[in-house]
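Visitor: Hi, could you walk me through a few backbone details of this one? I'll just ask as I go.
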Amino acid sequence: MSPKHVVFKKFSRDKSVGVYMARRDFVDHCDFVDPVDGVVVIDHEQIKGKRVHIMLSCSFRYGRADLDLVGMPADSYRRDLFLCTRQVYPPLQDRERSVHTKMQEKLLNKLGNDAYPFFFEFPDNLPCSVDLKPGPKDVTNHCAVEFEVKAFCSEGQDEKALKGSSVRLAIRKIQYAPEKKGPPPCGETTCEFAMSDKPLQVKVTLDKETYYHSEPINISVDITNSTNKDVNEISVAVEQITNVVLYSNDKYMKPVASEEAGDNVPAGTSFKKVYTLLPLLSNNREKRGIALDGKLKHEDTNLASTTMYVINTDFLLPEVAVEVPFRLMHPKPDPGKLRNSESPHVNLFSINSTSLCRYSRVFRPSQPRERWVESFHVTQWHLTA
């Protein structure tokens, strides 16, 4: 039996324009990024004399998401990192030359002459989708990098969206763990103290460079204490480091897993032990400033895969600490289990489910700062053979 393939469908409030996309997650493979492709469907009766545009945007949002709803200017909490707008109707080139993927071909065959393809490529060095989690009672400082595809109607040459004739579909740019494995990371330090002829040597080693979410991390700590001081209160922690440099030089360093074992290493002895930590979002939901992977709608997520993580091994001695960096990511899915949007066997629609409404609005610099809300419906479709 052929697998089902989801197609996401979303229309504007007045039903004049809609977007169909076969996926909403686009993978950054480091040397290239999956292109964004889909189809725009228009109602020719409603858009007579108008133009239809499609836009891909990457934005950094900070502050309260509802500031524009109370009359505050949107640029007080949102900055566009990337904008690319293209006209899809009237078409600027032949329909056949605008088709880049087999999924577009099949959607065009099903939707007929009211459908027009679009295709975008991500520029280099754009960040992945990420969300900086506020505290449980904090609604004033929310930061996120967000991507979206927007289709809209405009009058004449003007690219200003007409009220009620635009539709936005949130997408994500994500990364998976690299297939090439690097050497296991390690860190070491040697400290000398006054009144002691010999040093303290500390070595911290991980068993691999990349860990997957929900996978325990084994930390090997090897201490040779040749000094005349006791080493007390060994603690081990996984720390997430996030730099926010767009509007300020904020740096967030948050422990997401830790253990204060209370182990001691008397003077003139050696010590070796393997500690196991498990960094999970479920154990950090009450913390403010934790970076998370970007999410669609209200689904759950996990600790961010594209931020820096370090193992911090600390002691009661203030001069001694060892940091070891590592990666925390998702494994690359098995290609055989992925929904292949290029499958030649997809040829039939069947409706799967409808989600709740989403309320949102984004101002561009050229738009008037009006007070209004657009409501849209997202529908998931299944393609079956």
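Visitor: Where is C30 found?
Guide: C30 sits in the loop that links β3 (25-27) to β4 (36-42). Keep in mind that this is a predicted model.

Visitor: What is the phi of C30?
Guide: The phi of C30 is near 80 degrees, which is a positive value in a residue other than glycine.

Visitor: Is C30 buried or exposed?
Guide: C30 counts as exposed, because its relative accessibility is 70% and the cut-off for exposed is over 50%.

Visitor: OK, what about E233, where does that one lie?
Guide: E233 is in the loop between β14 (217-225) and β15 (235-244). Its phi is near 55 degrees, again positive in a residue other than glycine. With 43% relative accessibility, E233 counts as partly exposed.

Visitor: Changing topic: which residues does the cis peptide bond join?
Guide: That bond joins Y89 and P90, with omega at about -10 degrees. P90 belongs to the loop between β6 (78-89) and α1 (95-98).

Visitor: Now helices. Which residues of α2 are buried?
Guide: In α2 (residues 102-111), the buried ones are M103, Q104, L107, L108 and L111.

Visitor: And why are they on the same side of α2?
Guide: Around the helix axis they cover an arc of only 135 degrees, so they end up on the same side of α2.

Visitor: What follows α2?
Guide: G112 does, and its phi is positive too, near 80 degrees.

Note on methods:
Residues numbered from 1 in each chain as written. Predicted model: local features only at pLDDT ≥ 70, side-chain atom pairs only at ≥ 80, totals over all residues. Heavy atoms only, no water. Buried < 20%, exposed > 50% of the residue type's maximum accessible area, 1.4 Å probe, protein only. Helix = DSSP H or I, 4+ residues; strand = E, 2+ residues; numbered from the N terminus. Arc of directions from axis to C-beta.
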